Amino acid sequence: MKLAQTVLLGLLTGGVYALLASGLTLVFGVMRIINVAQGALLILAALFTFEIWRRTGLDPLLAIVVTTPLMFGIGWLLYRGLLARVRAAPEAMTVLLTFALAIAIEGIMGLVWRNVFRSVTPSYFASSFHVGGLFLPKGLAAGCLTAAVVLGLLYLALTRTWTGRAIRASAENMQGAQLVGVRVVDVAALTFAIGIATTGAGGSILSILQPFFPASHYVWISKLLGIIVLGGMGSLPGAVIGALLLGVAENVTSAYVSPRWSLVVFYVVIMVVLLVRPQGIAGSRLREDVVA
Amino acid sequence: MRKFRHLPAALVALALLVAAGCSSNSGGGGGGTSKPLVVGASLPLSGDFSQPGEASRRGYAIWQDMVNKNGGLLKRQVQLKIVDDASDQNTVVSDYNRLISQDKVDLLLGSFSSLLNIPASAVAEKAGMTYVCPSCGSPDMFNRKFKHIFFAQPATAVHQADLFAQYVAGLPTEERPKTAAYPTQDDPFTKPVVEGVKSKLEAAGIKTVYSKVYPADTSNFDTIASDIKAAKPDVLVQGAVFEDGVGLVRSLVKAGFSPKAMFQTSAPSNGDQYSKGVGVANTEGVFYAVSWSPAAKYPLNQEFLQAYQAKFKGVPEEDAADGFAAAQVLQAAVQAVGSLDQDKISDWLHNNKVQTILGPLSWDERGAPQQAFILAQWQSGAAQVVLPQDVATSQKIVFPKPNWGGQ
C-alpha cells in the first residue's frame with residue numbers, strides 16, 4: 001500500500017516535471033541553446049497566472065489559454081531581440097546570455113510583484129480523490145493530465161505537421177535542412193517561442209502546486225537540467241522518461257530512506273546512466289566532428 | 001603663481017569643513033555644553049542580509065528618536081553612527097575596529113545575524129566594550145566565555161519553543177498527546193528548535209513516531225505527508241522556514257490527516273503570505289513561536305508601533321523590534337550604572353532583568369538569554385498571542401486542533 005501510494009505520487013509529480021522540461025529539451029535539440037532562463041520564465045508564467053486568478057477569479061488551469069500565447073510572444077521577442085545574435089557563437093555564450101536573462105527577469109519580477117510568496121488557491125488546491133485507501137491530490141492529478149495533453153499535442157505537432165518536420169530536420173542536420181529549402185532562422189525563432197510557450201502551461205500548473213516567489217527559479221532550472229541530461233539532451237520522449245524517473249526516485253527515496261537523500265539519489269542515477277550511456281537514455285549519438 | 005591658483009578655493013573649503021565640524025560638535029545637545037553620546041554599530045545595509053539589516057537600522061533609529069525626545073541618555077543627546085558592512089565578515093570586523101579605535105564611540109550595538117556578530121563581537125570583547133546584539137542566536141556565539149556580549153532576544157534557538165513544549169507536557173493525562181512527529185528542514189534556524197521541543201516532549205513521555213530531516217529545496221511534500229499519516233502522531237512539530245511549512249500543511253490536507261496539535265517554527269509568522277498559502281480555514285489552531293508580537297502588551301510596545309508607523313509607515317518587521325529591544329537593553333544598563341564604565345555595564349546586565357518590548361530579558365554568564373519566545377496561535381483567521389498569559393491577546397487556546405478547514 002505504502003509503495004503503491006509512493007509510486008503513484010511519484011508518477012503524477014513526474015508527469016508535471018515532464019511538461020516543465022519539454023521546452024528546455026526542444027530548444028536545446030534544435031538550436032543547441034541551453035536556456036538557463038527557462039526556470040525564470042516558468043515563474044513569470046506562474047505570476048501571470050496569479051495575476052489573472054486574483055483579478056478575474058478564472059481557474060488557473062483555464063488561464064493556460066492566456067499564458068501560453070503570452071509566453072509564446074515573449075519567447076519570440078527574446079529570440080529575435082537577443083538570442084539570434086549569438087546563433088553563431090559557441091554554446092557557452094548562450095549559457096552566459098540566458099543566465100543574464102534569468103537574473104534580469106528575476107529582478108523585474110521582484111520589482112513588479114515584490115519579493116513575497118504568492119499562492120494560487122482554487123477550491124481544489126488542497127483536496128484529493130480517495131480511492132481504496134490511496135489519495136490522489138486533485139491539483140496534481142489535474143496538472144498531470146493537462147501536462148499529458150499539452151505534451152501529446154506538442155508530440156503530434158512535431159511528428160505530423162510540415163512545420164514540425166522542419167523543426168526536427170533542423171535539429172538533426174541544420175545544413176541539410178537548409179539545402180532542402182527549410183528557412184532555418186525562422187524555424188529557430190518558432191522553436192524557441194514554442195519552447196517558452198510550454199512554460200505558460202507549466203507555470204499555470206506549478207502555481208497551484210506550491211507557493212512561489214521570484215528566486216524560486218533556481219531550484220527549478222537545476223531539476224530541469226538534470227531531467228534532460230538523464231533523458232538525453234534534445235529528446236522529447238527522453239524528457240518524459242527522465243521526468244517520471246525523477247518523480248518516482250524522489251518520492252520512493254523520501255519514503256523509504258530519508259527525504260534528505262531524495263535529490264542525491266536522482267543525481268547518482270544520472271551519473272550511472274551517463275557512465276553507461278553518455279548520450280542519456282533516449283539521446284542519439286551524433287558525429288559532432290562532421291556535423292560541425 | 002599658476003601653482004597656487006586653487007589655493008583660494010582650498011582655503012574656502014577648509015574653512016567650511018572647520019565650520020561644519022564645529023557645528024556638528026555643538027549641535028544636537030540640548031544643553032550646548034555636553035557632547036552627544038555616540039552609539040556605534042555596523043549593519044548589513046547592502047548584500048545578502050540587506051532586508052533584515054535595514055529593518056534593524058530602523059529599530060535603532062526609532063529608539064534614538066524616542067530617547068532624545070525624553071531628554072537623552074545620561075542627560076546627553078544620543079547620536080547613532082551606523083556604517084554598512086555589506087553582509088561581509090571582513091568588513092564588519094574592520095568597521096568595529098574603526099568605530100572603537102578611531103571614531104572612539106561611547107557605546108556599541110551589534111550587527112545583524114550570527115554570521116556577522118560572531119567575528120564582530122570578538123573585536124568588542126578585546127576592547128572591553130559591552131556588545132548587545134539584536135540577532136545572534138547561534139550556539140557558537142556563547143561558547144567563547146566572553147564577558148561583554150548579550151543576545152537581546154528572549155531565547156536561543158534550542159529554547160524558542162519552550163512554552164509550547166511546556167503547554168503540551170502540562171495537559172491533563174487523559175488529554176495529553178501520546179505520540180509526536182518531527183519533520184524539519186535542514187536549516188540552522190529550525191533544527192535546534194525542533195530538537196529542543198523533541199527532547200522536552202520525550203522527557204514528558206511522549207513517544208517519537210517520526211523524525212526526519214528534509215533538504216532546503218524540497219518542493220513536494222505529498223510523500224512526507226503520507227508517511228506522517230501512516231505514523232499517526234498526536235502532535236506534529238515542523239521546523240519550517242516558509243514554503244516548506246505551507247507545502248506540508250497543503251499535503252496533510254490532501255492526505256486527509258490532521259494532528260491534535262501542530263507547531264511550526266517560523267512559517268506561520270508570515271501573516272497573510274501564510275494564510276493565503278494554506279487557505280485561511282486551514283490555519284485554525286496552528287502554533288508558532290516569535291520573539292516579538294505587535295499585539296503583546298509589554299511596556300512601550302504600542303509607543304514603538306506608533307513611532308514606527310509615523311516614521312516608516314506600515315507594521316514593523318520582527319527584526320526592527322529586535323533592534324529596538326537591543327538598544328533598550330543597553331539604555332537600561334547605562335542608566336542603572338550612571339556612567340559609561342563598560343565593565344560595570346556588563347556586570348549589571350549579568351545580574352539584572354531588563355524590561356523590553358520583547359518582554360523581560362535576563363542573561364546567564366555567557367550572555368545567552370534565559371526566557372522563551374512568545375507562543376502564538378492562529379485563531380479564526382488571525383494570529384493571537386496565547387502564552388505567556390499576562391501578555392496574551394486571546395484567553396483561549398485551541399486544543400485539540402479542529403480538522404482542516406476548521407471543522
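Predicted model: local features only at pLDDT ≥ 70, side-chain atom pairs only at ≥ 80, totals over all residues.
**Ground rules.** I number residues from 1 along each chain as its sequence is written, with chains lettered from A and ligands numbered from 1 in the order in which they are written. Local features need pLDDT of at least 70 and side-chain atom pairs count only at pLDDT 80 or more, while totals for chains, interfaces and linings use all residues.

**Entry 1: chain A overall.** I found 12 helices and 2 strands in chain A; helices (H or I, at least four residues) and strands (E, at least two) are DSSP runs, numbered from the N terminus. Along the sequence I read the pattern α-α-α-α-β-β-α-α-α-α-α-α-α-α for chain A. Its C-alpha trace spans about 60 × 45 × 35 Å along the principal axes.

I then looked up the radius of gyration, taken over C-alpha atoms, against the globule rule of 2.2 Å times the number of residues to the power 0.38. Chain A has 19 Å, which agrees with the value near 19 Å for a compact globule of 292 residues. Buried residues (20 or more other C-beta atoms within 10 Å of their own, with C-beta atoms placed from the backbone) make up 53% of the 292 residues in chain A.

**Entry 2: H6 and H8 of chain A.** I looked up how helix H6 (residues 162–172) and helix H8 (residues 184–209) of chain A meet: their axes come within 10 Å and cross at roughly 105°. The axes are lines fitted to C-alpha atoms over the stretch in contact, and angles run from 0 to 180 degrees between N-to-C directions. That makes H6(A) roughly perpendicular to H8(A), a label that covers 65 to 115 degrees.

For contacts I used C-beta atoms, placed from the backbone, within 7 Å. A:Thr163, A:Ala166, A:Ile167 and A:Ser170 in H6(A) meet residues of H8(A) including A:Val187 and A:Leu190.

**Entry 3: where A meets B.** I see 26 residues from chain A and 29 residues from chain B in the contact. H1(A) gives the largest share of chain A's side, 5 residues. By class, that side has 11 nonpolar, 12 polar and 3 charged residues.

**Entry 4: chain B.** I noted domain 1 (32–155 + 297–361) and domain 2 (159–290 + 373–406) in chain B, with bounds from an automatic or database domain assignment. Their centres, taken over C-alpha atoms, are separated by 32 Å.

Technical notes:
Contact = placed C-beta atoms within 7 Å. Nonpolar A, V, L, I, M, F, W, Y, C, P; charged D, E, K, R; others polar. Parallel < 35°, antiparallel > 145°, perpendicular 65-115°, else oblique. Buried ≥ 20, exposed ≤ 12 C-beta atoms within 10 Å, placed from the backbone.
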